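I opened this notebook to record what I looked up in one model. The entries follow the order in which I consulted it.

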Amino acid sequence: MKSQSHVVVTWLGLSLLHLFILLLIVYLPVLRDSSFTAFGITAVIVPYLLHSAGLPVLINDGLSGWALPSPNILGWSLSILFWLVFYYFIAKFITLLLARHKRDI
């Protein structure tokens with residue numbers, strides 16, 4: 001059970017770090033023209049990939065003229081779900097590596 005609490009704490013830390021960086025990109029204009037902008041694309045990359053697979057996850061079904069359409073509620077929900085699950089597996093992997101390293105010492 002102790003290992004599971006380490007996974008949850010690591011998962012929570014990774015998820016909050018991702019959210020914090022995204023909020024910095026959105027609300028600090030200094031970071032908008034930096035390499036952090038590429039990290040900001042991670043929030044919308046999942047809906048665009050799902051749209052290309054045929055799921056209706058973009059507003060107006062992806063038709064918006066010259067601009068890139070925003071994700072709809074389903075798109076944002078699936079993006080959040082994807083990143084939470086992704087970070088859970090990363091947290092499990094980190095915890096496994098740390099436990100293995102601690103055991104070897």
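**Entry 1. Terms and source.** I take helices (H or I, at least four residues) and strands (E, at least two) as DSSP runs, numbered from the N terminus. The model is predicted, so local features need pLDDT of at least 70, side-chain atom pairs count only at pLDDT 80 or more, and totals for chains, interfaces and linings use all residues. Residues are numbered from 1 along each chain as its sequence is written, and side-chain values use heavy atoms, with hydrogens and water left out.

**Entry 2. Overall form.** I found 4 helices and 0 strands in the protein chain, in the sequence order α-α-α-α. The radius of gyration, taken over C-alpha atoms, is 17 Å. Along the principal axes, the C-alpha atoms fill a box of roughly 60 × 35 × 20 Å.

I then looked up burial, where buried means under 20% relative accessible area, exposed over 50%, and partly exposed in between (1.4 Å probe, protein chains only). Of the 105 residues, 21% count as buried. For contacts I used heavy atoms within 4.5 Å. Among contacts in the protein chain with a separation of 6 or more, 48% join residues 24 or more positions apart.

**Entry 3. The largest pocket.** I looked up the pocket on a 1 Å grid over the protein atoms alone; a pocket is an open set of points where a 1.4 Å probe fits, with protein on both sides within 12 Å along at least five of seven lines. Grid points are joined across faces, edges and corners, and a volume is the space filled by probe spheres set on the points. The largest pocket holds about 390 Å³ of space. It has 15 lining residues, each with an atom within 4 Å of a point. His 18, Leu 19, Leu 22, Ala 43 and Ile 80 are the closest to its centre.

Which helix gives the largest share of the lining? That helix is α1, with 7 residues. Helices α1 (2–27) and α4 (73–104) each supply at least two lining residues. By class, the lining has 11 nonpolar residues, 4 polar and no charged. Here Ala, Val, Leu, Ile, Met, Phe, Trp, Tyr, Cys and Pro count as nonpolar, Asp, Glu, Lys and Arg as charged, and the others, Gly among them, as polar.

**Entry 4. Helices α3 and α4.** In α3 (residues 42–52), I list Thr 42, Ala 43, Val 44, Val 46 and Pro 47 as the buried residues. Ser 79 lies in α4 and is buried, at 3% relative accessible area. Leaving aside neighbours within four places in sequence, Ser 79 is in contact with Thr 42, Ala 43, Val 46 and Pro 47. Just after α3, Gly 54 takes a positive phi of about 110 degrees.

Entry 5. Is Thr 10 buried or partly exposed? Thr 10, in helix α1, is partly exposed, with a relative accessible area of 23%. Beyond neighbours within four places in sequence, Thr 10 is in contact with Ala 91, Ile 94 and Thr 95. Thr 10 and Thr 95 are 85 residues apart in sequence and 7.7 Å apart in space, C-alpha to C-alpha.

Val 26 also lies in α1 and counts as partly exposed, at 45% relative accessibility. From Val 26 to Gln 4, I noted 22 residues in sequence and 33 Å in space, C-alpha to C-alpha.

How values were computed. The radius of gyration is taken over C-alpha atoms; the globule rule is 2.2 Å times the number of residues to the power 0.38.
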